[in-house]
Structure formats: C-alpha cells, structure tokens
Amino acid sequence: MSTGPLSKELFHASLNLIPGGVNSPVRSFRSVGGTPFFVERGKGARITDADGKNYVDYVMGYGPMILGHAHPDVLEKVQKTIEKGMAFGAPNGFELELAKLVTSAIPSIQKVRFVNSGTEATMSAIRLARAHTDRKKIVKFDGDYHGHGDSFLVEAGSGVATLGIPDSPGVLEEITKQTISLPYNNVEKIKECFEKYGKEIAAVIVEPVAGNMGVVPPDEGFLEALREICTEYDSLLIFDEVMTGFRVAFGGAQERYNVAPDITCLGKIVGGGMPVGAYGGKAEIMDKVAPAGPMYQAGTMSGNPVSMSAGIKTLKILKDEQQYQNLEYRSQYLVDELKKRSDTHNIPVTINRVGSMFTVFFTPDPVTNFADAKKSDTKRFAKYFHGMLERGVFIPPSQYEAWFVSTAHGEEDLHHTIHSHEQVMKEL
C-alpha cells in the first residue's frame with residue numbers, strides 16, 4: 001500500500017509553501033524514507049488518506065486521541081460550543097469546569113493555567129521555576145523531549161533524535177549553558193550533579209515515563225530519588241506529563257508511581273484533540289504567575305472555549321475506571337502477541353510498555369535510557385514501518401516515538417495488526 005498519487009501531489013505542492021512540506025518534522029517520513037500520506041478523515045481507531053486508503057492508527061495524533069477519532073460525544077460537545085462562538089478574549093465558564101476536573105484528578109495541582117500547546121506549558125513551567133527559586137540552571141535528561149523551547153534542545157528526543165539534529169541553530173549558547181542533560185534512570189549522575197551545582201539548580205524537568213526516545217519506564221526508585229533530591233536542595237521537580245497525563249492513569253504517571261512533583265505540564269488528552277496545554281502545581285508557586293504575581297505569561301487563545309469543552313467531555317468519559325482497565329488489557333495483549341511473533345521469526349526486538357503506550361525497539365537488549373534506544377537498528381525499523389504501512393497499519397514513522405492504543409481499538413483492529421506484524425517479520 002504505497003502512498004497514493006493524490007497524497008504525493010499534495011506533498012509536492014506543500015514542499016513549495018511549507019518547510020519540508022510538513023508542519024511538524026516527524027511527519028515528513030525523513031527517517032524512514034518515502035512520501036507521507038495526507039489524512040482525509042478519521043473515525044474510531046482508523047484513518048483514511050486522500051486516496052481513500054484505510055489504516056489502523058497507532059499514532060492517534062501522537063497521543064491525544066485516547067477515545068479514538070471523532071468520538072460522537074466529544075464532537076457533540078464541541079459543536080454546541082462553536083455555535084456560541086469560538087474565541088472571546090475574556091473568561092469563560094469552560095475554563096473553570098476543566099480546571100476543576102484537572103485539579104480533582106491530579107492532587108499535586110492546586111492551581112492550573114491553560115495554554116495552547118505542550119511546548120508553551122513546559123516553557124512557562126521553566127520560567128516559573130526560575131522565578132520561584134531565583135536560580136538559573138535546569139536539569140533535564142538525555143532523550144527526553146519537552147517541546148522546542150530553547151532551554152530544552154540539548155540532547156533532545158522525538159523529532160530531534162529522529163532527524164539526527166544534535167542541537168539547533170538559533171539557540172543561544174548562553175541559554176544552553178544553563179541546561180544540564182543527564183542519562184535517564186541514572187540516580188548516581190543526578191546526585192553528582194546536585195553535589196556540584198545544587199544551589200544553582202532551579203528545577204529538574206523529566207518525562208516520568210519517557211515517550212520521546214521511545215517508551216522507557218522509570219526504574220524502581222528513580223522518580224522517588226528525584227523527589228528526594230529536589231526537596232533536599234530546594235529545587236522544583238517538574239513532571240512533563242504532556243504525553244502521560246490521563247494516558248497511563250487518570251491521574252497520570254504521578255498517580256501510577258505515587259510521586260508528586262511541584263509543577264506538572266499537561267497537553268494532548270487534556271484538550272480532547274484540540275490544541276491545548278496546561279501547567280499547574282502548588283498554589284504558592286502558581287500565585288507567582290501574572291496577574292497574581294510577577295512572572296509574566298499570556299496567550300490570546302489560552303482557555304479557548306472550544307478546546308476547553310473538548311477536554312471537559314474527554315475527561316468526563318475517562319473518569320470511568322473501566323476505560324483504563326480495558327486499555328491496559330488490550331495493550332498488554334497486543335504487546336505480548338507482537339513479541340511472540342517477533343521471537344518466532346528470530347527478529348530481536350525489545351518492547352517497552354506503560355499503560356496504553358509502547359514502543360517496539362529493534363534491539364535485543366533492554367532499553368532503559370537514550371543510549372540504549374540509540375542502539376536500535378533504524379534501517380530495519382524503516383523496512384518494518386513501510387511493511388506495516390503497506391498492510392494498512394500506521395505506526396509512528398520514527399524508532400524514537402510511542403505507539404498509542406485507544407478505547408476505539410477493537411478485536412478486529414488488534415488482530416489485523418498482529419497478522420500484519422507477523423507477515424512483515426517473515427519478510428525481515
């Protein structure tokens with residue numbers, strides 16, 4: 001199932017008007033080769049491209065579509081909201097309703113500020129941490145991706161890793177000098193870092209479950225150690241739960257691992273598929289944000305009623321605990337079957353899963369950090385990607401991204417995926 005003529009035509013036209021023909025780098029298929037297809041529509045667990053070809057979708061908008069595409073209840077809520085207006089530049093009741101849902105689901109968030117993307121959330125959280133502590137340095141982890149803010153493009157994952165961009169031109173050296181990047185899951189390196197720079201470190205920002213070097217869960221004790229060290233040195237602990245928030249549990253990774261950060265960054269699911277982000281934490285910290293405090297952050301479209309209403313309906317549906325039990329079961333079943341068939345055909349893979357997100361790494365060794373992930377056979381992954389695409393299964397076009405299972409993925413979708421995987425493994 002190669003890319004159809006209409007998708008090719010659209011892509012070549014886009015190349016003349018949009019950098020690389022795409023509005024986010026990984027969509028370009030640069031690391032796997034070939035021409036990306038253009039999506040016409042989505043419904044449930046499936047998408048249809050401009051040429052009418054259908055795919056079982058595991059990209060799911062890179063995470064937000066946990067209920068599947070075009071969920072009827074979410075659509076109804078959004079349509080009713082749009083009829084009343086799309087933007088006002090004034091407070092609306094949807095902001096308050098979603099804030100109540102978020103703070104009740106995640107106890108570490110006492111107050112929350114809505115923004116328009118995960119990148120806005122993490123950039124704002126870092127500024128807030130610096131304002132609160134009056135310190136400059138930030139600690140992140142190799143392979144973690146926190147959006148394209150200047151402070152974060154040091155040893156970053158996601159598209160940066162996929163395209164082999166070591167850092168980024170345009171990012172000032174003076175800024176990156178304030179960012180320390182350490183190996184994920186390595187507590188000793190964290191301790192060494194704080195022994196040297198502890199009184200200069202404003203915050204540690206971490207994906208509590210890494211998703212942008214592929215899915216890498218935290219080792220036992222890793223998050224707990226971060227919490228303990230940050231508390232000892234009066235630094236803030238920031239969980240980037242843009243991907244994991246309402247994904248690995250209703251209360252996110254902090255519920256799953258029972259570790260509370262000072263600030264949490266959210267996005268994706270919290271907007272039900274609409275552009276959204278959020279950052280929140282303890283009231284005493286959040287009260288430093290303007291207009292309550294001196295740390296300035298603003299956004300014309302922040303708290304947009306359409307995004308808020310999509311998030312409200314999505315979170316209300318997800319409050320049913322059965323949703324997560326079903327997601328856990330389906331995801332575990334799928335991962336077990338994929339691994340079994342890989343082993344049968346002697347293709348060495350490691351599959352990491354947390355909740356309904358997972359990654360198939362083309363390496364026989366455990367993957368616990370970015371260095372491990374980079375040992376994967378990316379050429380074999382590229383062949384695998386195109387083999388699955390030919391058979392109507394769309395997975396992220398990068399070895400360093402997560403697959404996402406939704407509540408819409410049914411038995412037929414899973415069986416088609418498993419059968420396709422087995423056929424591709426035979427070919428590899």
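How many bridges join strand β2 to strand β3, and do they run parallel or antiparallel? I began my notes on this predicted model with that pair, and I found three bridges between β2 (residues 46-49) and β3 (residues 54-57), with the two strands running antiparallel. Within this pairing I noted that I47 has Y55 in β3 as its bridge partner.

As a reminder to myself, strands of a sheet pair through backbone hydrogen bonds, and they do so either parallel or antiparallel.

**Entry on β7 and its partners**

Next I looked up strand β7 (residues 201-206), which is mostly covered, since I found six of its six residues buried. I traced three bridges from strand β5 (residues 137-141) to β7, and these two strands run parallel; in this pairing K137 has I201 of β7 as its bridge partner. I also traced four bridges from β7 to strand β8 (residues 236-240), again with the strands running parallel, and here I saw that I205 stands opposite I238 in β8.

I turned to strand β11 (residues 350-354), where four of the five residues are buried, so the strand is largely enclosed by the rest of the structure. Five bridges join β11 to strand β12 (residues 357-361), and I recorded the two as antiparallel, with N352 standing opposite T359 in β12. The two strands form a hairpin with two residues between them, and in the turn I noted G355, which has a positive phi of about 60°.

**Entry on α7 and α8**

For the helices I kept in mind that two packed helices are described by the angle between their axes and the distance between the axes. I found that the axes of helix α7 (residues 187-197) and helix α8 (residues 222-232) come within 10 Å and cross at roughly 10°, which makes α7 roughly parallel to α8. Which residues meet here? On the α7 side I listed V187, I190, K191 and F194, and they meet F222, A225, L226, I229 and C230 in α8. When I sorted the residues of this contact, they divided into eight nonpolar, no polar and one charged.

**Entry on α2**

In helix α2 (residues 72-82) I found V74, V78 and T81 buried. Looking down the axis of α2, I saw that its buried residues fall within an arc of 60°, so they line one face of the helix. I also checked what covers these buried residues, and the cover includes α3 (93-105) and α11 (305-318).

**Entry on two residues of α12**

I looked up K339, which I placed in helix α12 (residues 321-344), and which counts as partly exposed because its relative accessibility is 28%. Leaving aside neighbours within four places in sequence, I found K339 in contact with V349 and I351. I also noted that K339 and I418, although 79 residues apart in sequence, are 9.8 Å apart in space, C-alpha to C-alpha.

I then looked up S342, also placed in helix α12. Is S342 buried or exposed? I recorded S342 as buried, because its relative accessible area is 0%. Not counting residues up to four places away in sequence, I found that S342 touches I347, V349, H421 and M425.

**Entry on backbone exceptions**

Before this last check I reminded myself that most residues other than glycine have a negative phi, and that most peptide bonds are trans. Against that background I noted that the peptide bond from A290 to P291 is cis, with omega near 5°, and I placed P291 in the loop between α10 (283-286) and α11.

I also noted F29, a residue other than glycine with a positive phi near 65°, in the loop between α1 (5-15) and β1. F29 counts as buried, because its relative accessibility is 4%. D134 likewise has a positive phi, near 55°, and I placed D134 in the loop between α4 (118-133) and β5.

Conventions:
Residues numbered from 1 in each chain as written. Predicted model: local features only at pLDDT ≥ 70, side-chain atom pairs only at ≥ 80, totals over all residues. Heavy atoms only, no water. Axes fitted to C-alpha atoms, helices over the stretch in contact; angles between N-to-C directions. Parallel < 35°, antiparallel > 145°, perpendicular 65-115°, else oblique. Contact = heavy atoms within 4.5 Å. Nonpolar A, V, L, I, M, F, W, Y, C, P; charged D, E, K, R; others polar. Buried < 20%, exposed > 50% of the residue type's maximum accessible area, 1.4 Å probe, protein only. Pairing = 2+ DSSP bridges. Arc of directions from axis to C-beta.
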